[in-house]
Every structure is written in C-alpha cells, then in structure tokens.
Amino acid sequence: MRALVIDDSRAMRRILCRILEGLGYEVAEAGDGQQALDHLRSAGAAGTMPMLALVDWNMPVMDGYTFIQTVRATPEWRGLTLMMVTTESEHGQVVRALAAGAHEYVIKPFTPDAIVDKLQLLGLPIEAALTGSPS
Amino acid sequence: MTQILEAPTADDLLEVVAATWSSFLGDESGELLRPDNSVESPAERASGCVTIRGGWNGAVLLELSPRLARVAASGLFGTPEDELVPEEIGDAVGELVNIVGGNVKGMLPGPSELSLPSVTVGTGFSVHVPHATAHLRVGFSWCGEPLVVRVLQS
C-alpha cells in the first residue's frame, strides 16, 4: 500500500507519515504540488503509483487545489484517492476542493483517529490499529 | 458550523491554540497548555507570522521562547531536542502559526487568503505588519515557558 504526503511543512509531513506508516502504508513525500506531480510521473513509469495522496492547500510553487485539478484532468491518475489536509476550514473552501475532485477533507489540527476515520470512510486498507498521539 | 465573527476574541484564540497543542503536542510531556496573560513576550524568541488578506485583513503572530520552540519541534518531529537542526525548529514554528492563523481565518468574514508562514528567530526584534494595529494578545505557559499569540488587524 503506497501513499504520498504533500505539504510544504516538514513537521506536518513527518506527522502524517508516522500515522500512515503505522497503518501499514509505504509513504513518499513532496513539498509542493509540482514535486508531487513529478513523483506521480516517476511512480507511474516505475509501476509504483500510490493509491492515496494527502494534500495540503497552501504551498509554494503549486498549491494543493491546483494539484488536485491537475490530477483529476489526467486520465491515468484518476484512480488516485485525494484527501485534503489543510487549515482552510471555510465551508466554501471545502466545497471548492470537493468539487475539484478531492474525495475527503481534514482540517488541521487533527487527531490520528480523524485520518483513520476518513480512510475507513473511503474504503482504503488499514493494516494495523493506530494508538497514541502523532508525536 | 463555524460562527463568523467580526474579529477573533480571546476565547477563540484559547480554543484554537489549545486544540492545536492537544492534537500534536499534548500527551508526551503530560503538561497542559495554561492560559497566562501575565507572561511577557520573551526577549529572545522564535516568532511566526501569517497574514490574512481579503474579507478580513490582519495577521496572526506566535511568539515562543527558544526552549519552547525546541520542545514543540521535538514533539512535532518526534526527534530528541538535542538532535534538532535550526531549520526544523523554524519549520515547526511556521506550521504552528499556520494552523492557528488558518483557524482564526476560518472564524472571520471571507473570502480571505492566508499567507505562507514566515519565522524569525533572534533577540530584540519586533515584527511590524504595515497598516495593522494590535487587536488581541493572549498568553500561555507550557512546560514553564512562555507562548504569546497576537492578532493584528488592518
């Protein structure tokens, strides 16, 4: 099971990686949307596409919203599950992201259980129970 | 549903900061984040700032003592304090102000845009946001160290 964590904060990437690795995922990281697209192209060529991407909204170079739009417009990537993980909490932003193609939405701050709950709602595999705090 | 306010209140900041701390930093030290408006902004500090532009205009600043910044970074990264590099401390402070500022933005008239965070570390500096004046200041102590959150409004 492979996942991609996309956030310009290394601390946040570390937190999300720990959560996903605890659930049995092999996790790659990207610091912005463009790096994430580059990773998807490489992974596609190598046959190691992730099944899940956790996407921050506000990032330099390419933000998460533009990344999601680009993924949704790319036929070979339409199987990728996209979960927005962001501080953008306004209802309008949530609607925008879901309309652009995000499958789920998590608002920071979050608990590990919030991520697990969303993965279960999405029907994604979880190999191990998660206990304790993200740190 | 989030209540839209004209400007954040002290209780709003308490709630946001407490939620952020408990989600990412709460359990390891066993220490609670304690509201304490008697704390002063430390002379030597790490200061994170995000600006909000649009339906509401202003900035949110987070000021931590160097010790508290290290403790917070250690908690976020899961790395012992003595193994942290300066960039990790700056990143941690930046993410914390991003989360607090983003949640403040969510309480305010929109639509607004949140800037990427900036972090300054040092002694004897002050952060000025053009055309913005002090609106709100809330102090906390955690592990005996000061944390000050300030909201500036344009």
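In which loop of chain A does A:Val61 lie? The answer is the loop between strand 3 and helix 3 of chain A, where helices (H or I, at least four residues) and strands (E, at least two) are DSSP runs, numbered from the N terminus. This is a predicted model, in which local features need pLDDT of at least 70 and side-chain atom pairs count only at pLDDT 80 or more, while totals for chains, interfaces and linings use all residues. Residues are numbered from 1 along each chain as its sequence is written, chains are lettered from A and ligands numbered from 1 in the order in which they are written, and side-chain values use heavy atoms, with hydrogens and water left out.

A:Val61 has a phi near 70°, a positive value in a residue other than glycine. With a relative accessibility of 70%, A:Val61 counts as exposed, given that exposed means over 50% relative accessible area, buried under 20%, and partly exposed in between (1.4 Å probe, protein chains only).

Helix 3 of chain A covers residues 64–72, and its buried residues are A:Gly64, A:Tyr65, A:Phe67, A:Ile68, A:Val71 and A:Arg72. Seen down the helix axis, these buried residues fall within an arc of 160°, so they line one face of the helix; the arc is that of the directions from the helix axis to the C-beta atoms. An α-helix has 3.6 residues a turn, so residues three or four places apart point the same way. The buried residues of helix 3 pack against strand 1 (2–6), helix 2 (33–46), strand 3 (52–55), strand 4 (81–86) and helix 4 (91–100) of chain A, with contact meaning heavy atoms within 4.5 Å. At the start of helix 3 of chain A, a side-chain oxygen of A:Asp63 reaches to within 3.2 Å of the backbone nitrogen of A:Tyr65.

Over all chains, the structure holds three aromatic pairs, where rings of Phe, Tyr and Trp (its six-membered ring) pair if their centres lie within 6.5 Å, and planes under 30 degrees apart count as stacked, over 60 as edge-to-face and the rest as tilted. One of these is the stacked pair of A:Trp57 and A:Tyr65, at 5.5 Å centre to centre and with 10° between the planes. A:Trp57 counts as buried at 4% relative accessibility, and A:Tyr65 is buried with a relative accessible area of 16%. The charged end of A:Arg96 sits over the ring of A:Tyr65, 4.2 Å from its centre, a description that requires NZ of Lys or CZ of Arg to be within 6 Å of the ring centre and within 35 degrees of the ring normal.

In chain B, B:Trp21 and B:Trp142 form an edge-to-face aromatic pair, 5.8 Å centre to centre with 85° between the planes. B:Trp21 lies in helix 1 (residues 10–24) of chain B and B:Trp142 in strand 6 (residues 133–142) of chain B, so the pair ties together parts that are 121 residues apart in sequence. B:Trp21 is buried, with a relative accessible area of 2%, and B:Trp142 counts as buried at 3% relative accessibility.

Terms used
Polar contact = N/O pair within 3.5 Å; in protein donor to acceptor, adjacent residues only side chain to side chain.
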